[in-house]
Amino acid sequence: MNNSLNRSISVLFVCTFTYIFSEVLLAPFYPVFFEKVFGVEDLTYTGFYIFICRMTVVVTAPFWGFFSNKLNIKTLLYCGQICSALVCVFMTFTQNVTQFTIATVILLLFRSSFVILYPLIIQLGGEQRRETIAGTYQAVFHSGIVISSIAGIWIIQLENPLNAFFVVALLDILQFALCWFFLEDLPKKEVIANDSKSETKTTDILQSNWALIPAIGVIGLLFQFIHNLVRPYFVSYVTEADYFGTTLTTGGILFAIPSVMAIAALPFIRSYAKPHRIPMLYTIGSLLLAVTLLVQGSTNSLSLFVFSRVIYGFFLAVTQAALELYLFNNSDPEKIPLNYTLMFAFANVGLVLSPLTASHLVEEYSFASPLIVAAVLSVFTLAYTWSLALNPVLAKTVTRYQRSA
């Protein structure tokens, strides 16, 4: 791979990091944020706000994926970055929660363009580097979450946390500058030609049988639903539980543990996430996710809670990488951005439903209930996934790498 492509991939990874950092900056503290800044004490508003955000992404992200096949991708990135920066500056002057929510929707219309970053990196990296790039992406993604969660602890204690959006605007301008000066034109044909040299001919699972799109999409939907179900009220759960004895700062650290472990999982993903091992990694990972979620929602021991959080974070990264690699390995290289965008749209339905469900569970039961429900759904999702192996087309995509291993 030439230096130009390596530089472009590095720039796109930096953009990914700053995007995730910006997205997560206040996410663990939304209930505290809305009460402190706008005087909103109703916990259900957090669920409503996240629902509106996710629905906006569900509607707009596929359009950016479609335009990425029709227009210059650099132009799309420039548009998203500059417009996002301008809206972020406006958000610092919002006077009430309604203005803030409307401004967030406008912001996400443009920030949805960043969904094309990951499939673009995969496409540029080629098939031979796919596991390495997938593992690196998980590390970059979760590094953004870790650092953002730590920064969020400081931001939420400011007299006016809205000033955080000045920082987000500066990061968007940084992205624009990096792309303007260092991002090369993207040689899709060269990448596709390199990929075509692979010994194993790629079957595009989405193009071979369009009936499989919703079947596979449901896996992504359930996966995102489960693991975002536990996020909105996680900090509230660990700080409200007297037997844990945690503060807001400690809650932010506990929230960030899975992201730290996702970074630690990078060498494992690089070494073991080979195509013929994907089904095994997904199965083992899903089972361990179910067990650790159940422990987190039921234990009174802080040490056991932390241990389960560590295991949970490691295999969350492994399982997510396995799902993404399955999609990439069974897609025509030229169709990777389109296929990923379609699956991303399904996954975002799960992101839409999770905050509303979490709000209902917390209101009706307890802060621990989202963890318990997520554990049960993890087992159901694994059973559903393996039931799809009965489909002859999907069975072929699972076994062809096992035969060639």
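**Note on the predicted model**

1. The structure holds zero disulfides, a disulfide being a pair of cysteine sulfur atoms within 2.5 Å. Cysteine 79 takes part in no disulfide, and its nearest cysteine sulfur, which belongs to cysteine 83, is 4.2 Å away. Cysteine 179 is likewise in no disulfide, with the sulfur of cysteine 15 as the nearest cysteine sulfur at 3.5 Å. Cysteine 79 is partly exposed at a relative accessible area of 33%, whereas cysteine 179 is buried at 0%. Here buried means under 20% relative accessible area, exposed means over 50%, and partly exposed lies in between, with a 1.4 Å probe and protein chains only.

2. This is a predicted model, in which local features need pLDDT of at least 70 and side-chain atom pairs count only at pLDDT 80 or more, while totals for chains, interfaces and linings use all residues. Residues are numbered from 1 along each chain as its sequence is written, and side-chain values use heavy atoms, with hydrogens and water left out.

3. As for confidence, the protein chain has a mean pLDDT of 83, and 88% of its residues reach 70 or more, where pLDDT is the predictor's confidence in each residue, from 0 to 100. Over residues 189–193 the pLDDT is below 50, and this stretch has seven contacts in the model beyond near neighbours in sequence; contact means heavy atoms within 4.5 Å. Residues 195–202 also stay under 50 in pLDDT, with 15 contacts beyond four places in sequence. Where pLDDT is low, the predicted coordinates should not be read in detail.

4. Which salt bridges does arginine 111 form? Arginine 111 pairs with glutamate 23, the closest N and O atoms being 2.9 Å apart, and this pair links helix α5 (residues 97–111), where the arginine lies, to helix α1 (residues 3–24), where the glutamate lies, across 88 residues. A salt bridge is counted when a side-chain nitrogen of Lys or Arg is within 4 Å of a carboxyl oxygen of Asp or Glu, and a search of the whole structure finds two. Arginine 111 also forms a salt bridge with aspartate 172, again with closest N and O atoms 2.9 Å apart, and aspartate 172 belongs to helix α8 (residues 164–182), 61 residues apart from its partner. Through shared partners, Glu23, Arg111 and Asp172 are joined into one network. Arginine 111 and aspartate 172 are both buried, while glutamate 23 is partly exposed at 25%.

5. Glutamine 81 lies in helix α4 (residues 73–91), helices being DSSP runs (H or I) of at least four residues, numbered from the N terminus. Glutamine 81 counts as buried because its relative accessibility is 1%. Leaving aside neighbours within four places in sequence, its contacts include Cys15, Asp172 and Cys179.

6. On the surface, Met55, Val59, Phe63, Phe66, Phe67 and Leu71 form a nonpolar patch with about 560 Å² of accessible area together. Patches are made of residues with over 30% relative accessible area and no salt bridge, where like charges are joined within 9 Å and nonpolar side chains (Val, Leu, Ile, Met, Phe, Trp, Tyr) within 5 Å; accessible areas come from the Shrake-Rupley method with a 1.4 Å probe, and for residues only the protein chains shown count as cover. Phenylalanine 66 is placed in helix α3 (residues 44–68) and is partly exposed, at 46% relative accessibility.

Key. Helices (H or I, at least four residues) and strands (E, at least two) are DSSP runs, numbered from the N terminus.
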